[in-house]
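Me: Pick one part of this structure and look at it closely. Tell me how it sits against its surroundings, with the cut-offs behind each term.

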Amino acid sequence: MSDCLFCKIAAGEIPSNKVYEDALCYAFYDIAPQAPTHFLVIPKVHIGSVSEIDGTNSGVVAHIFEVIAKLAGDLGLTSYRVVSNIGEQAGQSVLHLHFHVLSGRDMTWPPG
Ligand code: AMP
């Protein structure tokens with residue numbers, strides 16, 4: 001999508017602190033970290049949020065979760081939280097599907 005911040009980051013048109021990249025997804029550190037380790041994993045294809053996942057694009061989402069497990073292992077994360085906000089009330093500020101991976105501090109439940 002031409003006017004999407006995360007599409008531009010995935011394409012390398014806007015700089016980011018890259019964690020990982022392959023043909024399907026891109027991972028980079030969050031610009032405003034909410035935990036000692038906080039990175040985002042996004043599909044390269046534009047998907048607006050979890051609410052747009054269906055049979056045509058769920059393969060990339062499964063792949064992203066494989067990548068999250070691999071990156072967590074590579075980074076030595078033994079406990080972490082994976083979060084995706086959907087819609088304004090839940091706190092979604094970028095309208096391109098992304099999974100937050102947060103680790104390195106005690107976390108509360110339920111989230112605020
Ligand atoms: P959400 O609020 O769940 O939509 O998450 C969007 C996340 O993107 C926030 O945690 C932001 O800090 C992060 N973010 C926004 N712009 C950038 C950027 N240019 N590079 C890295 N992270 C960003």
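Reply: Buried means under 20% relative accessible area, exposed means over 50%, and partly exposed is in between (1.4 Å probe, protein chains only). This is a predicted model, where local features need pLDDT of at least 70 and side-chain atom pairs count only at pLDDT 80 or more, while totals for chains, interfaces and linings use all residues. Residues are numbered from 1 along each chain as its sequence is written, and side-chain values use heavy atoms, with hydrogens and water left out.

The part to look at is helix α2 (58-74). Helices (H or I, at least four residues) and strands (E, at least two) are DSSP runs, numbered from the N terminus. α2 has 17 residues. From first C-alpha to last, α2 reaches 24 Å, close to the 24 Å expected at 1.5 Å a residue. That expected span is 1.5 Å times one less than the number of residues. Gly 76 follows α2, and its phi is positive, near 75°.

Now the faces. Val 60, Val 61, Ile 64, Val 67, Ile 68, Leu 71 and Ala 72 are the buried residues of α2. Down the helix axis they fall within an arc of 130°, so they line one face of α2. The arc is taken over the directions from the helix axis to the C-beta atoms. On the other side of α2, Gly 59, Glu 66 and Gly 73 are exposed.

What covers the buried residues? The cover includes β1 (18-21), β2, β3, β4 and β5. Contact here means heavy atoms within 4.5 Å. Take Ile 64 as an example. Beyond residues up to four places away in sequence, Ile 64 touches Cys 25, Val 41, Ile 42, Pro 43 and Phe 99.

Next, the core. A nonpolar core is a set of buried Ala, Val, Leu, Ile, Met, Phe, Trp, Tyr and Cys residues joined through side-chain atoms within 4.5 Å. The largest one has 16 residues. Phe 39, Val 41, Ile 64, Ile 68, Phe 99 and Val 101 have the most contacts inside it. At least two of its residues come from each of β2 (25-29), β3 (37-43), α2 and β5 (99-103). α2 gives the most, with seven residues. A second, separate core has 10 residues, among them Phe 6, Ile 9, Phe 28 and Leu 40.

Last, the aromatic rings. Rings of Phe, Tyr and Trp (its six-membered ring) pair if their centres lie within 6.5 Å; planes under 30 degrees apart count as stacked, over 60 as edge-to-face, and the rest as tilted. The structure holds four such pairs. One of them involves α2: Phe 65 lies in this helix and Phe 99 in strand β5, so the pair ties together parts that are 34 residues apart in sequence. The centres of the Phe 65 and Phe 99 rings are 5.0 Å apart and the planes are at 70°, so the pair is edge-to-face. Phe 65 is partly exposed, with a relative accessible area of 40%. Phe 99 counts as buried, at 5% relative accessibility.

Tyr 29 is partly exposed at 30%, whereas Phe 39 is buried at 0%. Ring pairs also link Phe 6, Tyr 26 and Phe 28 into a cluster.
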